[in-house]
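Good morning, everyone, and thank you for making time for this.

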Amino acid sequence: MTRWGILGPGRIAHKFAQDLLTLPDAQLYAVASTNLQRAEEFAREYNAPHALGSYEELLSLPDLDVVYVATPHIKHHENALLLLNGGIAVLGEKPFAMNSEQVQEMVDLARTKGIFLMEALWSRFMPGIEKALELVQSGAIGKVVSVKADFGFKAPFSPESRLFNKELGGGSLLDIGIYPLFLSYLILGKPTTVKASAIFGSTGVDEQCGMVLTYADGAIALLDSTLQAKTDCIGLIQGETGQIRIHSRFHETMGLSLIPEEGDSTEFDFTRTTHGYDYEARHVMQCLAEGQIESPFWSLDDSLNLMALLDAVRAKTGIVY
């Protein structure tokens with residue numbers, strides 16, 4: 001039985017907790033919030049035995065195996081360091097932190113102390129994404145020439161909300177633009193050039209962001225994110241002999257199509273009854289059971305590389321915090 005803690009009982013934490021309930025060898029053991037009443041309500045809903053009114057109290061629970069950090073972006077670095085310094089394994093929500101310097105500090109601490117740390121890039125563990133990668137690596141569509149991905153939804157405007165508040169790390173890039181960037185990195189690796197442009201709203205955050213990445217082998221990635229409109233949210237991997245269409249919403253896809261240049265297409269179905277957080281949770285539990293301090297499928301170096309891409313896009317667009 002893996003005993004989980006949740007730091008920050010917000011909207012995403014509820015979905016994560018609901019998926020934990022589907023894993024017979026997982027228990028939500030503790031919930032920590034800066035608001036004790038909120039922690040108690042969350043703990044009651046998911047039968048967690050410990051409700052804590054501060055994050056520091058997590059360090060006093062000797063039976064705690066791992067903590068899922070689900071606070072706003074701007075707090076991820078601080079929260080992860082607290083737990084790592086307390087000797088507790090961490091699954092930290094994406095973006096892992098606000099910049100490469102913060103991520104490097106987290107990685108160095110985890111590796112020095114020999115404590116498990118992973119970015120909660122849940123898309124990496126979705127069966128549909130894993131299948132797309134497998135098809136690419138098997139040569140099913142030949143050499144990849146382009147990756148196209150978009151992620152957009154119409155967010156209700158509220159200056160103090162997480163998405164529009166600059167002090168909370170708001171904007172489309174860090175919240176949803178990370179997913180198209182992740183897909184391009186997973187399929188094509190590190191680019192040779194990064195070009196990007198952003199549209200800023202009244203609160204100073206990027207409400208739209210467009211990215212063009214080129215690669216040494218001649219491939220290109222065309223990526224975008226927006227908080228102003230609902231987009232198709234499809235991932236398209238184009239090869240010389242076919243394409244892979246990752247169905248909407250691609251980052252949590254339940255299906256994909258393999259479309260060859262000639263012949264019939266093949267459909268893959270990955271219907272599930274959970275939100276999809278159970279896949280990453282199960283992977284973390286396997287890593288812990290095997291004594292690993294980082295994931296072999298989404299390593300700390302992968303997180304560093306992805307954050308470097310986010311930093312490069314910020315530098316090109318003028319997105320600052």
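Let me begin with Pro95, which sits in the loop between strand S5 (89–93) and helix H4 (100–113); helices here are DSSP runs of H or I with at least four residues, strands are runs of E with at least two, and both are numbered from the N terminus. The bond that joins Lys94 and Pro95 is a cis peptide bond, with omega at about -15°.

Before I go further, please keep in mind that this is a predicted model, in which local features need pLDDT of at least 70 and side-chain atom pairs count only at pLDDT 80 or more, while totals for chains, interfaces and linings use all residues. Residues are numbered from 1 along each chain as its sequence is written, and side-chain values use heavy atoms, with hydrogens and water left out.

A cis peptide bond also joins Ser248 and Arg249, where omega is about -10°, and Arg249 belongs to the loop between strand S12 (242–246) and strand S13 (255–260). Why point these places out? Most peptide bonds are trans, and most residues other than glycine have a negative phi.

Asn47, in the loop between helix H2 (36–46) and strand S3 (50–52), is not a glycine, yet its phi is positive, near 60°. Asn47 counts as exposed because its relative accessibility is 63%, where exposed means over 50% relative accessible area, buried under 20%, and partly exposed in between, using a 1.4 Å probe and protein chains only.

Cys233 likewise is not a glycine and has a positive phi, of about 55°; Cys233 is found in the loop between strand S10 (220–226) and strand S11 (235–239). Is Cys233 buried or exposed? With 3% relative accessibility, Cys233 counts as buried, and Cys287, at 1%, is buried too.

How many disulfides are there? Taking a disulfide as a pair of cysteine sulfur atoms within 2.5 Å, the count is zero. For Cys233, the nearest cysteine sulfur belongs to Cys209 and is 15 Å away.

Finally, an unreviewed UniProt entry annotates residues 3–118 as "domain: Gfo/Idh/MocA-like oxidoreductase N-terminal"; such annotations may be inferred rather than shown by experiment, feature names are shortened, and positions are in the numbering used here. Over residues 3–118 the chain is 39% helix and 22% strand, with the end C-alpha atoms 17 Å apart.
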